[in-house]
Amino acid sequence: MNNKNKNNQDSPITPIKLGKNNNPDDPGWSVKKSNSKRNLSSSSSSEPPTSPTTQSTNQKCKKKIFASQNRYEVLRQIENEVTNSVTEQIDIDTDVNALNKPPPPVFVKDVEDFPELCARLIEIIGVDNFICKSSADKLKIQTSNPESYRTLIHFFNDENVQYHTYQLREDKPLRIVIRNLHSSTPIKTIKEELEFRLFEVRQVTNVLHKVNKNPLPLFFVDLEPTPKSKEIFELSSLLHTKIRIEEP
């Protein structure tokens with residue numbers, strides 16, 4: 001106990017100075033300076049800020065160099081190629097079928113000497129250009145190409161042979177109908193007028209009424225199957241008459 005009191009008496013007590021105000025200039029205050037530096041914001045960095053004018057200039061400089069590819073464009077190209085290929089194949093098949101289609105057969109009656117007929121046909125159209133098939137009352141002759149068919153028909157016409165056949169598709173005329181042309185118009189006049197317009201006319205027929213058989217303002221015209229014949233649908237007047245051209 002005595003030792004504690006002795007120690008307390010020996011240790012000096014440091015007085016604390018209390019200021020009446022918090023003035024830093026008061027001699028009783030000491031100001032401690034901080035060594036840490038204040039952090040600078042990004043705007044206070046050493047690099048100068050980019051102005052709006054500079055930004056717009058940079059954006060203008062970044063032009064589009066490569067065209068962006070449409071990912072569906074390849075599919076569209078493939079689809080178009082397939083469509084064109086199919087269309088071309090259909091056209092080729094149609095042309096091949098038209099070329100391979102044989103002419104119509106010719107039916108002949110009253111054949112008395114078949115070997116002699118075959119010899120004549122071999123002489124005029126060739127040994128490989130026809131084939132025959134016999135029935136009870138007629139002989140069927142099938143030619144292999146249109147040229148042989150035409151030669152055979154000419155031969156039968158010259159010999160006055162009784163036969164029956166169908167017309168070649170390429171030899172069929174183009175039939176059209178002329179409406180609103182007066183029924184009293186002569187057929188010869190209509191044909192001459194069309195031929196004057198460079199149409200090749202086979203025949204012109206005036207259509208009659210089904211019941212009383214009176215002529216109608218309606219005419220059938222058969223034209224040769226030429227490219228020019230299709231232009232007849234463009235006619236709007238004939239013999240000072242406004243007409244209408246139609247298919248039958």
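**Entry 1**

I looked up Asp 222 and found it buried, at a relative accessible area of 6%, where buried means under 20%, exposed means over 50% and partly exposed lies in between, with a 1.4 Å probe and protein chains only. I am working on a predicted model, in which local features need pLDDT of at least 70, side-chain atom pairs count only at pLDDT 80 or more, and totals for chains, interfaces and linings use all residues. I note also that residues are numbered from 1 along each chain as its sequence is written, and that side-chain values use heavy atoms, with hydrogens and water left out.

Asp 222 forms a salt bridge with Arg 175, with 2.7 Å between the closest N and O atoms; the term requires a side-chain nitrogen of Lys or Arg within 4 Å of a carboxyl oxygen of Asp or Glu. This pair links distant parts of the chain, 47 residues apart, with Arg 175 in strand 5 (residues 174-179) and Asp 222 in strand 7 (residues 215-223); strands are DSSP runs of E, at least two residues, numbered from the N terminus. Arg 175 counts as partly exposed, at 34% relative accessibility.

**Entry 2: charges over rings**

I then followed Arg 175 to Phe 220, and found that Arg 175 lies over the face of that ring, 5.0 Å from the ring centre; the criterion is NZ of Lys or CZ of Arg within 6 Å of the ring centre and within 35 degrees of the ring normal. I also recorded Lys 228, whose charged end sits over the ring of Phe 199 at 5.2 Å from its centre.

**Entry 3: other salt bridges**

My search of the whole structure gave six salt bridges. Among them, Arg 244 pairs with Glu 246 at 2.6 Å between the closest N and O atoms, and Arg 244 is partly exposed at 41% relative accessibility, as is Glu 246 at 24%. Arg 179, Arg 244 and Glu 246 are linked in a network of salt bridges. Another bridge joins Glu 193 to Arg 197, at 3.3 Å.

**Entry 4: aromatic rings**

I found two aromatic pairs, taking rings of Phe, Tyr and Trp (its six-membered ring) as paired if their centres lie within 6.5 Å, with planes under 30 degrees apart stacked, over 60 edge-to-face and the rest tilted. Phe 155 and Phe 156 form a tilted pair, 5.7 Å centre to centre with 45 degrees between the planes. Phe 156 and Tyr 163 also form a tilted pair, at 5.7 Å and 40 degrees. Phe 156 is buried at 1%, whereas Tyr 163 is partly exposed at 28%.

Note on methods: Helix = DSSP H or I, 4+ residues; strand = E, 2+ residues; numbered from the N terminus.
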